[in-house]
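Please look over the notes below alongside the model, which is predicted. They take up the disulfide and then the nonpolar cores.

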Amino acid sequence: GLTATVDSSQGGTAAGSSYLPIDFTNISSHTCIMYGFPGVSWVTGIRGSQIGSAATRESSYGPVTVTLAPGARAHAIVQIAVAGNFPASACKPVTAHWLRIYPPDQYTALYTKFSTQVCSKKITGGSFPLGIMPVRSGRGVNGQAP
């Protein structure tokens with residue numbers, strides 16, 4: 001009973017990355033609980049193939065329990081590094097149009113349309129092209145992390 005959207009109106013940038021909230025909305029008639037980190041990756045389309053590496057968890061922030069009443073929102077901040085930060089041969093930049101999102105402790109993916117340049121190769125060691133922070137209550141707001 002969840003939907004997910006990227007709210008680019010609340011995004012910010014720093015150090016070669018964009019930080020955008022993924023907003024989750026409880027569209028069911030039941031209260032649900034979220035705890036932890038969503039799984040996030042770029043994909044070629046709904047139920048499509050993964051592009052590059054899945055998001056790395058930003059472990060500086062710990063998880064908290066978020067209770068979502070019907071119609072309520074929660075969010076997680078996704079960090080999207082500029083593909084140009086990485087050597088082209090290591091990154092192989094492409095334009096991705098879809099994010100696949102697994103809410104914490106769930107096995108059914110949500111998909112949301114969002115287009116940007118991403119690394120199609122898996123980056124190992126050092127910095128990462130995609131990061132995710134833990135879920136927090138309410139709608140994501142620019143300047144508030146996690």
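**Notes on the disulfide and cores**

1. The link of Cys91 and Cys119 is left-handed, with -100° about the S-S bond. The S to S distance in this disulfide is 2.1 Å. The model is a predicted one, and its disulfide count comes to one.

2. What does the pair tie together? Cys91 belongs to helix H1 (residues 88-91) and Cys119 to strand S11, so the bond connects parts that are 28 residues apart in sequence.

3. Both ends of the link are out of solvent by the under 20% cut-off: Cys91 is buried at a relative accessible area of 0%, and Cys119 is buried at 5%. Cys32, by contrast, is partly exposed, at 21%.

4. The largest nonpolar core has 27 residues. Ile22, Phe24, Met34, Val40, Trp42, Val78 and Ile132 have the most contacts inside this core. Two or more residues each come from strands S1 (2-6), S3 (17-26), S5 (39-43), S8 (65-68), S9 (73-81), S10 (93-102), S11 (110-119) and S12 (130-132). S9 gives the largest share, four residues.

5. Which residues does Met34 touch, leaving aside its neighbours within four places in sequence? Its contacts are Leu2, Phe24, Val64, Thr65, Val66, Leu68, Ala74, Pro103, Pro104 and Val135. Of these, Phe24 is, like Met34, listed among the residues with the most contacts inside the largest core.

6. There is also a second, separate core of six residues, including Ala81, Ala83, Phe86 and Ile123.

Conventions:
Residues are numbered from 1 along each chain as its sequence is written. This is a predicted model: local features need pLDDT of at least 70, side-chain atom pairs count only at pLDDT 80 or more; totals for chains, interfaces and linings use all residues. Side-chain values use heavy atoms; hydrogens and water are left out. A nonpolar core is a set of buried Ala, Val, Leu, Ile, Met, Phe, Trp, Tyr and Cys residues joined through side-chain atoms within 4.5 Å. Buried means under 20% relative accessible area, exposed over 50%, partly exposed in between (1.4 Å probe, protein chains only). Contact means heavy atoms within 4.5 Å. A disulfide is a pair of cysteine sulfur atoms within 2.5 Å.
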